[in-house]
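Dear colleague,

I am handing over the structure below, and my notes on what was found in it follow. Please read them alongside the sequence.

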Amino acid sequence: MIRFNPQTKVLHLTNGKMSYVVYVNDYGYLETLYFGAPLTDADDIHCLRRSAEWHDSSFYYDKKSGKEYRHSDCYMSNTAPQELSAHAAMDKRYAPLVIRQADGGYLTDFRYVSHTVLDGVPDVPGMPHARGGDCQTVDFLLCDGYGLQLHYYLSIYNDKNILLKSMLLVNDTPHTVHLLRAMSLQLDLPDAQWEWTHFCGRWQKERDLVRAPLIDGVQSISSNRARSSHEENPFVYFSRRGAGPTAGEAIGLNLIYSGNFACRVEVTNYGATHITYGISDEDFDWVLASGQRFHTPQAVVAYSADGEDGMSQAMHDFIKQNLVNRRLDDKTKPILFNSWEGCFFDFDTQRVLSYIDDGRTIGMEMFVLDDGWFGARNDDTAGLGDWRVNTDKVDLKRVVAHCRQCGIQVGIWFEPEMINYRSDLFRAHPEYALTGNADQASCIRHQFHLDMANPAVVDEVYRQLSAFFDEYHPDYIKWDYNRIVCEHYSSALPAERQGEVYHRLTLGYYHLLERITAHYPDLFIEGCASGGGRFDLGTLYYAPQIWASDESDPAQRMEINYTTSLGYPLSTIGAHVNASPVANYRTKAILALFGTYGYEMNPNRLTQEDREALNEVADVYHRYHKDVVENGTLYHLKNPYLGNFMSMQCVSRDRNTSLVVIINRKKELDRFRYLKLQGLDDDKLYHNDYENAVHTGEYYRKIGINYSREWLDEFSCRLIVLKAVDANE
Ligand code: DGJ
């Protein structure tokens, strides 16, 4: 609900579980008065405004009257918490917007004109965005001295603790301006008693948790690789000092975007926190001609007054209910078998058929042929860009027919945005590749990135992919992306627009996805980028799940899945059982169950015992995955970064069923171990199949499952199923 009091000029966004309060001051700046636990009354601005008498340096000189004035209204133009700091003015904190105006100056100073309250949330044309829901948006119209207009959108969800922030810049002046920074969010918090957690990484070690106190100066994370990246994920969160999963305030941030981003966290000399977040401004220079408009992506803000899991759950609910493609995500998902780690590029028709037959013995319901089926592709040096079946290598018609006969769905791998120099497409159109303008170009995995800023390239890739879809009718594609952009120079754009290349590459990616999802609405897309190098909300809008990492060794993967799930629902986390010798198949399968669940090994080599273990977990998948893991509520019980155990718990929405995983890395010799559970109904009775005992929800919450009875060797992994039982049963 959004309430505006015209007397006090206070705008109160609240859903009864949190409040966000903005004050329109006498100068037209939007001051951030409050963000936190819900307020019943936010009208008393004098209580809410901080440091009211401290404006000794905040004066201004009026050129017309030739006089100096003290800011009225207690406004501190350099330090007041705001929604939008001005640039090239007294405020020296990072501004979210920087514009080089037609006169060459950098003054970017937008003031309030009016506001309207809308139901829902406005779409962001050409980009992924929240799909509405039970929410309202304030559309602030602001204007600068040059006549540029800015719509600043601030939305609140009524059914979850989520805010959205984004901007739309409209150039209705006769002049061209340069947008040098166009971020989505500024968030000012009045103190710095927070720790922030972000997720750095690399190939096979994505989303490695880093927690650090906020300290004086600027700390930042970013990507300049043209993808959200392995190196830093766009999800970050802030915890009140001392907060943990079940207590304390937490604020999560994410961006509905897949390209370069930057999140800057500044602790000011007055000890306040100033955050700006959005598209990275590195080499960003967007030419906004007269009559043009520019939309920033939407930033997502999740809030919890009751611990980090509350913040995570708000993010999960938003992603599941308001972001992903429900038409695809709501379907019951088949158990997927992927060919990659089983045979890599080394297959022929017979081998593929044998994988399908043996995959069926472990419950496979969809067969995915990974890399190597097209063009001249027998290793990674050739073929990308030529999306026609290599019929000398594999008879794909026969493979598809075999799957259909067995009632198995069919999936196939693509890497649409890439090109090998050893390909017909490159030979015909070398200008389609982003190779820069020097004599040498970076070559990663023997391939180049396509110039997705060129609409002709998007057309060509769409033409090839749709020809394949129309002939083979796959149910699923894995959309891979195995290199970063190095030479961000597009020969399709004029010199003055090279500062648009990074963002246009991302827009080209979205444009291709838009066309594919519009024409093939039932085609399920799984995102991928050398594992989890593009695990972000932009991709999730089109692809309801993303391959989380090329690391499926359970010792590493349990950390990757755990940290990823702090910001993203388990249903989005592509997780497969592979042939890693580190743990047995049962353990690996239980871990994959707390993700999408699938297989990726040579199924010809499985023993009878392996098959039995996998079938047992496949059975659990069918019984509980949809309601409990995919659509349930997730609790993080034991953080593997803080000890020997990793444990997560999912609870169905009706709170009748719960699945718990607990695993230790090293031998565990502690004697007294009780696993306290969350999310159950205190008054209900639940049977747990670990102790074969029945206790109340309150008992599980306060005492927990006695986990001390066993000797725990390395990688002792348990799956515990709890079911509500009738007192009379
Ligand atoms: C990287 C992906 O992460 C793998 O799963 C696999 O699809 C390979 N690419 C294929 O080249």
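The side chains of Asp159 and Lys160 meet in a salt bridge, with 3.3 Å from N to O, where a salt bridge is a side-chain nitrogen of Lys or Arg within 4 Å of a carboxyl oxygen of Asp or Glu. Asp159 is partly exposed at a relative accessible area of 40%, whereas Lys160 is buried at 3% (buried means under 20% relative accessible area, exposed over 50% and partly exposed in between, with a 1.4 Å probe and protein chains only).

This is a predicted model, in which local features need pLDDT of at least 70 and side-chain atom pairs count only at pLDDT 80 or more, while totals for chains, interfaces and linings use all residues. Residues are numbered from 1 along each chain as its sequence is written, and side-chain values use heavy atoms, with hydrogens and water left out.

By the salt-bridge rule, the count comes to 46. Glu500 and Arg497 form another such pair, their closest N and O atoms being 2.5 Å apart, and both residues are buried. Salt bridges with shared partners also join Arg202, Lys205, Asp208, Glu559 and Arg665 into one network.

Turning to the helices (DSSP runs of H or I, at least four residues, numbered from the N terminus), the axes of H5 (residues 349-360) and H6 (residues 396-406) come within 10 Å and cross at roughly 15°; the axes are lines fitted to C-alpha atoms over the stretch in contact, with angles running from 0 to 180 degrees between N-to-C directions. H5 and H6 are therefore roughly parallel to each other, a term for angles under 35 degrees.

With kind regards

Terms used: Helices (H or I, at least four residues) and strands (E, at least two) are DSSP runs, numbered from the N terminus. Angles under 35 degrees count as roughly parallel, over 145 as roughly antiparallel, 65 to 115 as roughly perpendicular and the rest as oblique.
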